[in-house]
Protein chains: 2
Amino acid sequence: MGKERNKMPMLQEDSYLKRNSKITENRAKRPFIMGEKEKCPFCKGKERQLEEIYLEVHLPEERERIRIVKNKYPFCEPIKGNYGFHDVVIDTLSHKKEPKDFSSAHWVLLLEVMQKRWYQLQKDAQVKFTQIFKNNGSGAGASIIHSHWQIAAFDTLPLKQKEQNIALMHYYEEEKQCYICEQLHDKVHELIIENSEWQAVAPAVSQYTHETWLILKTHKSQYGQLNLKELQGAGELLKKLLNAYNELLPKVPYNICFMSNAMNEEPYLHFYIQLIPRLVPMGGFEVATGCYINTVHPKTHATALRQLVETRR
Amino acid sequence: MGKERNKMPMLQEDSYLKRNSKITENRAKRPFIMGEKEKCPFCKGKERQLEEIYLEVHLPEERERIRIVKNKYPFCEPIKGNYGFHDVVIDTLSHKKEPKDFSSAHWVLLLEVMQKRWYQLQKDAQVKFTQIFKNNGSGAGASIIHSHWQIAAFDTLPLKQKEQNIALMHYYEEEKQCYICEQLHDKVHELIIENSEWQAVAPAVSQYTHETWLILKTHKSQYGQLNLKELQGAGELLKKLLNAYNELLPKVPYNICFMSNAMNEEPYLHFYIQLIPRLVPMGGFEVATGCYINTVHPKTHATALRQLVETRR
């Protein structure tokens with residue numbers, strides 16, 4: 001019984017010491033597949049290995065396909081104790097293709113199908129929070145090199161998001177406007193590139209070296225609220241930025257995180273996308289204090305990336 | 001001027017989005033020295049390369065020496081904007097000796113000299129917070145393989161520590177006792193090994209896979225308050241645990257973090273030491289949510305490490 005219980009995903013939270021974790025021993029069994037294409041469960045012809053396919057879309061003119069499937073080693077499951085869903089988004093047929101090389105049509109299809117899945121998940125009455133993220137490269141936490149994203153939806157807000165929501169609500173009540181809208185208005189961040197829907201910036205408080213945020217110009221707090229033009233705009237900038245990163249920091253591992261409120265929640269959060277190159281592992285100082293050492297000033301980062309994005313126009 | 005300002009360490013905090021960083025471009029220049037002994041600035045005969053030696057103690061019978069020196073690439077400095085001190089503790093003369101191999105006398109000397117430095121730093125009226133930590137191995141954030149620790153003392157509490165102190169104070173006011181004392185009393189953690197001064201446990205809320213805490217049995221909140229017997233007891237358990245880890249997870253990178261309040265602060269925190277093996281890099285989920293995926297249950301970890309510690313007795 002004790003052993004069996006250990007195998008079930010379990011949520012842990014300590015609001016005094018500000019700690020939060022999900023325990024899932026099953027996930028320790030996940031394979032690490034980097035070079036070996038023949039072993040890759042996301043490659044063509046491995047359909048039988050997939051647990052369950054939730055959504056599938058095709059891009060025939062490019063011989064491409066995007067699939068959203070059940071994660072074989074989930075950190076939450078539709079069972080009591082840590083209720084939720086943990087998906088994998090296999091965003092290309094190719095074992096080695098990278099998002100920086102995706103066409104505009106490919107990017108828009110990807111963002112649209114992830115949004116469809118977001119709606120499906122939010123329809124579950126128990127789902128309170130959804131996190132969409134990408135780990136690219138083993139240094140960013142990926143265990144399989146074949147490009148993919150993950151969508152985790154579960155029944156409680158993480159401690160950080162709970163506390164963030166309260167702080168943002170207080171800001172709204174005092175200032176009568178959204179914190180992030182005001183930051184955009186006050187130009188606190190360092191602009192890298194923009195289009196009519198988004199600003200790509202080096203955030204004023206940059207925790208990670210060479211971190212970039214894509215901030216939506218219109219106030220919306222959920223991924224599900226983005227319209228087609230906003231999805232297109234995000235794809236356009238993500239592709240440009242990933243290409244610029246590839247020149248600035250060749251082959252750097254990176255994360256992309258969609259910072260979104262769940263449906264039916266108070267609209268105090270403002271939707272943005274984090275793009276985080278992972279240059280060095282977090283050290284003991286960060287582990288202990290939650291304060292990050294960043295060796296590149298946001299101004300320096302914005303200048304460097306802006307030049308590369310502009311060169312490629 | 002703009003360029004110069006970028007070079008100065010700078011503290012950044014966003015209490016709404018729960019972000020905190022120190023920007024220090026100078027630190028980007030630090031060397032990465034792993035195998036090459038001849039280049040190692042911490043080895044014998046490289047005294048001229050050291051910036052300033054604050055403390056030096058010898059262990060003649062073992063031909064050992066411990067030095068606390070100024071960090072050449074500090075993330076805080078005794079200048080305005082991010083006032084502080086950032087030391088390096090070079091805890092052995094040997095390029096390859098590891099703390100697991102230190103004698104008991106070596107461990108006690110190390111803990112005593114770090115405590116002396118802690119007192120020196122706390123005497124500075126501007127110092128409000130001190131973090132002692134060790135990054136062992138490049139996967140744990142170390143840039144130099146020669147064993148060392150770091151001591152950072154500065155003029156503000158990190159955001160997490162500020163919020164933690166408030167939460168712990170509220171707990172104390174409501175429950176009339178220390179949160180961590182009560183956790184010890186209620187046996188919420190999984191015991192690995194203990195002596196008369198400390199409990200080594202797998203904490204109930206384990207964020208990191210195979211994480212261990214050394215919790216002081218007596219309520220004290222500062223490193224400076226520990227007596228000789230408590231320092232000896234900590235050294236004894238740290239040595240045993242590092243040897244057990246070396247069998248459980250050979251050559252795993254790890255962090256050791258001293259979780260201490262600063263002098264003159266309210267005594268709501270309870271001193272403990274975190275020992276954190278760094279098995280996999282943090283992924284996008286952790287980056288976005290602050291919630292950690294841990295693939296080993298604290299019960300499983302405690303059982304595994306307890307067996308190894310007991311075998312070695």
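User: Where does K46(A) lie?
Analyst: This is a predicted model. In it, K46(A) sits in the loop between β2 and β3 of chain A.

User: Is K46(A) buried or exposed?
Analyst: Buried: its relative accessibility is 16%, and the cut-off for buried is under 20%.

User: What is K46(A) in contact with, neighbours within four places in sequence aside?
Analyst: K37(A), E38(A), K39(A), C40(A) and P41(A).

User: And F32(A), where is that?
Analyst: F32(A) is in the loop between β2 (19-23) and β3 (53-59) of chain A. F32(A) counts as partly exposed, at 47% relative accessibility.

User: Which residues form a nonpolar patch on the surface with F32(A)?
Analyst: L279(B) and V280(B). Together with F32(A) they have about 270 Å² of accessible area.

User: Now the inside. Which residues touch the most other members of the largest nonpolar core?
Analyst: F285(A) and F285(B) do, in a core of 62 residues. As a general point, nonpolar side chains tend to be buried together in soluble globular proteins.

User: What does F285(A) contact, leaving aside neighbours within four places in sequence?
Analyst: From chain A, the contacts are G290(A), C291(A) and I293(A). From chain B, F285(A) is in contact with K22(B), F75(B), Q131(B), F133(B), A152(B) and F154(B).

User: Switching to charges. How many salt bridges are there over all chains?
Analyst: The structure holds 24.

User: Take E64(A). What does it form a salt bridge with?
Analyst: K97(A), with the closest N and O atoms 2.9 Å apart. E64(A) belongs to strand β4 (residues 64-70) of chain A, while K97(A) is in the loop between β5 (84-90) and α2 (104-122) of chain A, so the pair ties together parts 33 residues apart in sequence.

User: Is E64(A) buried or exposed?
Analyst: E64(A) is buried, with a relative accessible area of 4%. K97(A) is partly exposed, at 24%.

User: What about K220(A), which residue does it form a salt bridge with?
Analyst: E230(A), and the closest N and O atoms are 2.8 Å apart. K220(A) is placed in the loop between β10 (212-216) and α5 (228-248) of chain A and E230(A) in helix α5 of chain A, so this pair ties together parts that are 10 residues apart in sequence. K220(A) is buried, with a relative accessible area of 17%, and E230(A) is buried too, with 5%.

User: Over to chain B. What does K220(B) form a salt bridge with?
Analyst: With E230(B), the closest N and O atoms being 2.8 Å apart. K220(B) is in the loop between β10 (212-216) and α5 (228-248) of chain B, and E230(B) is in helix α5 of chain B, 10 residues away.

User: Why does K220(B) count as buried?
Analyst: Because its relative accessibility is 16%, and buried means under 20%. E230(B) also counts as buried, at 5%.

User: Last topic, domains. How is chain A divided?
Analyst: Into domain 1 (32-156) and domain 2 (157-313).

User: How many residues does each domain of chain A give to the contact?
Analyst: Domain 1 of chain A supplies 28 residues and domain 2 of chain A supplies 31 residues.

User: And what separates their centres?
Analyst: 22 Å, taken over C-alpha atoms, between domain 1 and domain 2 of chain A.

Definitions and conventions:
Residues numbered from 1 in each chain as written. Chains lettered and ligands numbered in written order. Predicted model: local features only at pLDDT ≥ 70, side-chain atom pairs only at ≥ 80, totals over all residues. Heavy atoms only, no water. Patch = residues over 30% accessible without salt bridge, like charges linked within 9 Å, V, L, I, M, F, W, Y side chains within 5 Å. Areas by Shrake-Rupley, 256 points an atom, 1.4 Å probe, with all protein chains shown as cover. Salt bridge = Lys/Arg side-chain N within 4 Å of Asp/Glu carboxyl O. Helix = DSSP H or I, 4+ residues; strand = E, 2+ residues; numbered from the N terminus. Buried < 20%, exposed > 50% of the residue type's maximum accessible area, 1.4 Å probe, protein only. Core = buried A, V, L, I, M, F, W, Y, C linked by side-chain atoms within 4.5 Å. Contact = heavy atoms within 4.5 Å. Domains from an automatic or database assignment.
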